[in-house]
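Open the model in your viewer and keep the selection panel handy. We will go from one stop to the next, and at each one I will tell you what to pick and what is there.

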Amino acid sequence: MTMNTRIPAPRWRHLNLLRWVTLTTVFATLLLLPALHLYQTYVAAHAYDLLSPGEQRFYTFMETLTSPFTSDPARDLDALKGTTWSANIFGLKLSDPLAALSQVAAGQTLYLPFLLSALIPLVLTLILGRFFCGWICPATLLYELNSNFGLWLRRFGIHSGNRRFDRRLKYAVLAAGLLLSAAAGAVLTAGIYPPAILGREAYYAIAQGGLGAGSVFFAATLLFDLLVARRGFCRYLCPGGALYALLGRFRLVRVRRVVENCNDCAKCNAVCEFGLDPLHDRFGQDCTNCTACIAVCPTDAMTFTLRLADVPPQGPGHLGHRYRKARPGGAASRSQEAA
Amino acid sequence: MRRRAFLESLAVAAAATLAPPRALPLARQRVQRYLRPPGALAEAEFAAACIRCGQCGEICPNRCIRYFGLENGFAARDTPYIVPREKGCILCMKCTQACPSGALRPLAHTAEAILANVRMGRAVVDRRLCLSWQGKSCGVCYRACPLQDVAIRVGMMEQPHVNDHCVGCGLCERSCIQMPQAIRVIPESSGAGWPR
């Protein structure tokens, strides 16, 4: 009887798979671009015969990889450069809004071409909130795998850290980063922001002959997530996440719970990487629209909506026993519940 | 004799350990004489404008651009630099066009734009080390220069004369066959301390 009352929801659940594909693609691209750069320099030097056998194998591999797309790699591959911190994609320059803000803080000057390159990400963040954190950030892939590793360790009785801190801590980190950048006259936020670090470290490791100091910092954040707080850096410390949370406060695209379909199983709360409370309609500005809760929901009770604020708390799900106990009428009293 | 040298070094080490810390050279030294990539803003503005994205190095066909770790202070971390003795800049100006942040001003790949805007440093010849100035005709730096007869001229016995048009790309220093090099680029960013 109650099963018949379910409202058909759009099938968003496959988006989570698409998200993993996106994250993996971004990460793979981050590794590919320095390799392409290295290959370009080999081509430009006309020095195949002088390369070591390993380098020659690399050269041949990259040649096979790029030959369908370009006959002049030394020139054409210049069209694809950069990282998620700042990139040039076929002439379109895109930069992280945090990079733009930090530069303004550090130099107290406005360089318009650079600020414009942060415009598209900025507008997308205003509409989609922290979507960068869920869908694009190369560190997210590693952090989520790290989280899954922590869950896997439970099988062996090892419990990874799950402490909670004040979410507003990251705004303090953002403010401190900007203030210190202004005081030092240097963009210091670049050194504590995982995606920027990962982009550079991938480049250093592949094309500059070794990892830099940033990899130590990143390894420390991984350990922090594993030992202290699940996804702790993104939740409580990331300056970029803080900026996007602020920008995405009145985002248009949100996940919402369809109370008619919800059975209070709380899988959404368990799966949420950011420790939010979808079960009680509390998403807040930290929701990355990652769709993990949509994918995990057994009753299709999670969907997207276009609203400037979260739906006010809707009470227990209509398929759960709490709702049925309170209202034996069930479906008949739904209109009263909404009113 | 070796034993005596060993004992002496042991004594020196002990003295160094026991000496007050102020006697030890603790002050941080610039690790290297370095150049910023072409079109760079003045050092202070550069540090404020550079967002450490690494695109200048990633587009450099010559792979001459490298990045600071922590060795040159925290504020300079991950900023690009060039060590001319290891690899000079070929003045392709790609990095200036790739730089999104304006730390390197975008420049066209023309001699006029380069001569007017690029000032990474200026080459200085040490005549006591220079082979040509010591009577053995060499001229390698002159031949390496991308701005031949503009930035560098040669006189009798191919003795190099650098003038104010030198943009400091460092190709002469890279090519100098003397060790230590007889021609070196004095960076624009270094200020005083290096003889002109």
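Start by selecting helix H4 of chain A and colouring its buried residues: A:Pro97, A:Leu98, A:Ala99, A:Ala100, A:Leu101, A:Ser102, A:Gln103, A:Ala105, A:Ala106 and A:Gly107. Buried here means that 20 or more other C-beta atoms lie within 10 Å of a residue's own; with 12 or fewer a residue is exposed, and in between it is partly exposed, the C-beta atoms being placed from the backbone. Since 10 of the 11 residues of H4(A) are buried, this helix is largely enclosed by the rest of the structure. Helices (H or I, at least four residues) and strands (E, at least two) are DSSP runs, numbered from the N terminus.

A word on the model: it is predicted, and local features need pLDDT of at least 70, side-chain atom pairs count only at pLDDT 80 or more, while totals for chains, interfaces and linings use all residues. Residues are numbered from 1 along each chain as its sequence is written, and chains are lettered from A and ligands numbered from 1 in the order in which they are written.

Step just past the end of H4(A) and click A:Gln108, which takes a positive phi of about 50°.

Next, select the strands S1, S2 and S3 of chain A. They form an open sheet in the order S1-S2-S3, with antiparallel pairing. S1 and S3 of chain A each have a single partner strand and stand at the edges, so one side of each lacks a neighbour in the sheet. On average, neighbouring strands are turned by 10° against each other, direction ignored, with axes fitted as lines to C-alpha atoms. Zoom in on S2(A) and S3(A), which pair in the antiparallel sense over four bridges; strands pair if DSSP finds at least two bridges between them. Here A:Ser86 stands opposite A:Ser95 in S3(A).

Now show both chains. How many residues of chain A are in contact with chain B? There are 37, and they meet 27 residues of chain B, where contact means C-beta atoms, placed from the backbone, within 7 Å. H1(A) gives the most to this side of chain A, with six residues. Elements giving two or more residues include strand S2 (86-89) and helix H4 (97-107) of chain A.

Last, pick A:Phe217, found in helix H11 (residues 214-227) of chain A. A:Phe217 is partly exposed, with 15 other C-beta atoms within 10 Å.

Key:
Two residues are in contact if their C-beta atoms, placed from the backbone, lie within 7 Å. Axes are lines fitted to C-alpha atoms, for helices over the stretch in contact, and angles run from 0 to 180 degrees between N-to-C directions.
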